[in-house]
Amino acid sequence: MKFNSLLATAAMVIGLATGAVAQDKTKVGFVYVGPVGDGGWTYEHDKGRQAVEEHFGDKVETVFVESVPEGPDAERVMTQMALEGADLIFTTSFGYMDPTINVAKKFPNVKFEHATGYKTAPNVSVYSARFYEGRAVQGHIAGKMTESNVIGYIGSYPIPEVIRGINSAYIHAKKVNPDVQFKIVWAYTWFDPAKEADAAKVLIEQGADVILQHTDSTAPQAAAQTAGNVITFGQASDMSEYAPKPRVSSIIDNWAPYYVARTQAVMDGNWETVNTWDGIAQGMVEIGEISDAVPADVKEEALALKASIADGSYHPFTGPLKKQDGSDWLGEGETADDGTLAGMNFYVEGLEGDIPQ
Amino acid sequence: MIVLEKRPQPSQAWSMATPLVAVLATMLFGGLLFAALGKNPVEAIRTIFWEPLFGEFAFFYRPQLLVKGAPLVLIAIGLSLGFRAGIWNIGAEGQYIMGAIFGAGAGLAFYPLEAWYIFPLMVIAGALGGWIWATIPAFLKVRFGTNEILVSLMLVYVAEQMLASVSLGLLKNPEGFGFPGSRNLQSYASAHNAEIITGSGMHWGVVAAFVAVIFAYVLLNRHMLGFHIRLTGEAPRAARFAGVNPSRLILFCLGLSGALAGLAGLFEVAGPSGQISIDFNVGYGFTAIIVAFLGRLHPVGILLAGGLMALTYIGGEIAQGSLGLPAAAIQVFQGMLLFFLLALDLLTNYRVRVARREVA
């Protein structure tokens, strides 16, 4: 009898203890497409991870795997994280979309958050930032600053997110400088310093004195610095080590508040599938310090543009706008709807060249 | 004074022993590297080599070893035949891509028809795609005497551009909201290279890899053609006297290695990967070169080497996740393996002698 009750007590204690441990630590996994030291995209996601650790302290454990190729390798890494007890997994590249959905099916109790994709499930949310809002500010500064009227643009992949950025930058550069011309190079990579540097050099040789990039390394910044009279913008991260010139401003992805909020939701047990697309207003997109290389009046205009986007009084895609082929897209005062923006696969009028098909 | 003395005959014993010694040296120096990064070296090495095979989640990792190792072995077997004859196909990555494009294209052409003959047709198309891509450098070498190393390597970059092109155009998923990438073949039953037994990791590509190992073994040891391959590599002049037709051998070796790489691409795209996308290729074609040499260009050796390589990949990922090792450290670790192998290869052909200093 006594022995039995002892056992029962012991079992209860153990049960409580393990229960307490399970509740105690929420395990959050991060899958990165580049190295955490890329100084851009992955670097910012990792800063978000660190913010989660800082915010929750002992209540959370984070793990990450970097430079994971998109495809079966990503699927294996996610499965590995789920097996080892992750409660929430952030998969931070577009190409992780199908792997995320596959793994999520096998682990219905694990929550997944996929960045920049469009497929959701009961345990898969998607989130992205309205980078095109930041591109508008960039375009404005670029259009004002260029002397050769040639702006170089390093595209990563011709997907809607990147095309949106090109269109937004072009519209706002053209608005302040009707003679402006965009030269676009497709690098077909998110992160490859050598390729990015080559692309920047080619664009500079073709007369570009502004380089915009949708790739994640600082190599184009370095190339611009070497070339001399060329300005650039930090991509995904502030890249302030190249300020005040060539880097005159930047778009910073600030994932930290979102990551903290979603981790909190898992802890509170009220996590739900969401489709988040936040911009400057919510702080997911930040405009990095505009350096002194930019004239004061241009800086003021750029900040005013940023403020008008933030308070909702201005939408970067406001008509009248035509598509590249001359057909009408948005009428006077009309703004683009999210559906069109999400699947954007056309250039606006005035851009030269074709989107690779 | 220590001198190197050329052996009259390459040492058979050292040839067998160097891979093992190289693995041990890699463990030792890799451990030092991990220690320098502030990680427990024993724990790190144990995680990389033990965890995937016998750890808590080995039920998941063991099948993954097959998935990761199969394309490496399949490609490396093809490469080894050429390498033995001194025919250097460095462009397996491109042939792998073309196999995937041809194979997936053949399958998607039938979408949404469900029929038993679709997958076999895809297999043929995949092999054909790789064969064509490898036959280009073979033909140019035979006809114009070009260097097959350069041509096959350059064609990798051409294939990557083709991959980007079809991902964005020809094979793009019409229901993909304008995003690049084909339909997912995993959700198209007739074209899906599914696991033969669920959860085993055994898909047709793994079967093909084992078949290729056996086939290569028989070819090299029991067949006249295999003898010609070995002879050409070891004694080209003797081979010519023995009536070996070098042109035919070049076409055969490059074509076969291309076809096998193409098959690897097809099995990957129809199975574990599921779709053609811009980033479909992850370097199997290049890693297979390491596997071929690590396996001493011997079919059974390649099988073991492929397994070992897969182990370092999967164990490396676990070490990243659970120990926080940086990805670059894992890559250095893998690089060490080849480095030590090549360095120790010296001992196959040379012997170390402690000699007395002589007056010149």
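**View 1. Crossing of helices H12(B) and H13(B).** The crossing of H12(B) and H13(B) is right-handed; a crossing is called right-handed if the near helix is turned clockwise from the far one by less than a right angle, and left-handed if anticlockwise. The model is predicted: local features need pLDDT of at least 70 and side-chain atom pairs count only at pLDDT 80 or more, while totals for chains, interfaces and linings use all residues. Residues are numbered from 1 along each chain as its sequence is written, and chains are lettered from A and ligands numbered from 1 in the order in which they are written. Helix H12 covers residues 284-294 of chain B and helix H13 residues 299-323 of chain B; they pack at an angle of about 130°, with their axes 8 Å apart. Helices (H or I, at least four residues) and strands (E, at least two) are DSSP runs numbered from the N terminus. Axes are lines fitted to C-alpha atoms, for helices over the stretch in contact, and angles run from 0 to 180 degrees between N-to-C directions. H12(B) and H13(B) are therefore oblique to each other (under 35 degrees counts as roughly parallel, over 145 as roughly antiparallel, 65 to 115 as roughly perpendicular, the rest as oblique). On the H12(B) side the contact holds B:Thr287, B:Ile290, B:Val291, B:Ala292 and B:Leu294, which meet B:Ile302, B:Ala305, B:Gly306 and B:Met309 of H13(B). Contact here requires that the C-beta atoms of two residues, placed from the backbone, lie within 7 Å. The residues of this contact divide into 7 nonpolar, 2 polar and no charged (Ala, Val, Leu, Ile, Met, Phe, Trp, Tyr, Cys and Pro count as nonpolar, Asp, Glu, Lys and Arg as charged, and the others, Gly among them, as polar).

**View 2. Helices H1(B) and H2(B).** The axes of helix H1 (residues 12-36) and helix H2 (residues 41-49) of chain B come within 8 Å and cross at roughly 125°. That angle makes H1(B) oblique to H2(B). The crossing is right-handed. H1(B) contributes B:Met27, B:Gly30, B:Gly31, B:Leu32, B:Phe34 and B:Ala35, and H2(B) contributes B:Pro41, B:Ala44 and B:Ile45. By class, the contact of H1(B) with H2(B) has 7 nonpolar, 2 polar and no charged residues.

**View 3. Helices H2(A) and H9(A).** Helix H2 (residues 41-56) and helix H9 (residues 256-268) of chain A have axes that come within 8 Å and cross at roughly 50°. H2(A) is therefore oblique to H9(A). Their crossing is right-handed. A:Lys47, A:Gly48, A:Arg49, A:Ala51, A:Val52, A:His55 and A:Phe56 of H2(A) meet A:Ala256, A:Tyr259, A:Val260 and A:Thr263 of H9(A). The contact of H2(A) with H9(A) is made up of 6 nonpolar, 3 polar and 2 charged residues.

**View 4. The parallel sheet of chain A.** An open sheet of 6 strands runs in the order S2-S1-S3-S4-S5-S11 in chain A, with parallel pairing; two strands pair if DSSP finds at least two bridges between them. At the edges are strand S2 (60-65) and strand S11 (275-278) of chain A, each pairing on one side only. Neighbouring strands of this sheet are turned by 15° against each other on average, direction ignored. Inside the sheet, strand S3 (residues 88-91) and strand S4 (residues 111-115) of chain A pair in the parallel sense over 4 bridges. A:Thr91 has A:His114 in S4(A) as its bridge partner.

View 5. Another open sheet has 6 strands of chain A in the order S7-S6-S8-S9-S10-S12, and its pairing is mixed. Strand S7 (181-186) and strand S12 (285-288) of chain A are the edge strands, each pairing on one side only. The twist averages 20° from one strand to the next. Strand S6 (residues 150-155) and strand S8 (residues 210-213) of chain A pair in the parallel sense over 4 bridges, and the bridge partner of A:Gly152 in S8(A) is A:Ile211. Helix H5 (residues 131-145) of chain A packs on the sheet and touches S6, S8, strand S9 (231-234), strand S10 (247-253) and S12 of chain A. The direction of H5(A) makes about 175° with that of S10(A).

**View 6. Contact between chains A and B.** Chain A gives 30 residues to the contact and chain B gives 29 residues. S2 and helix H3 (72-83) of chain A each supply at least two residues of the side that touches chain B. H3(A) gives the most to that side, with 8 residues.
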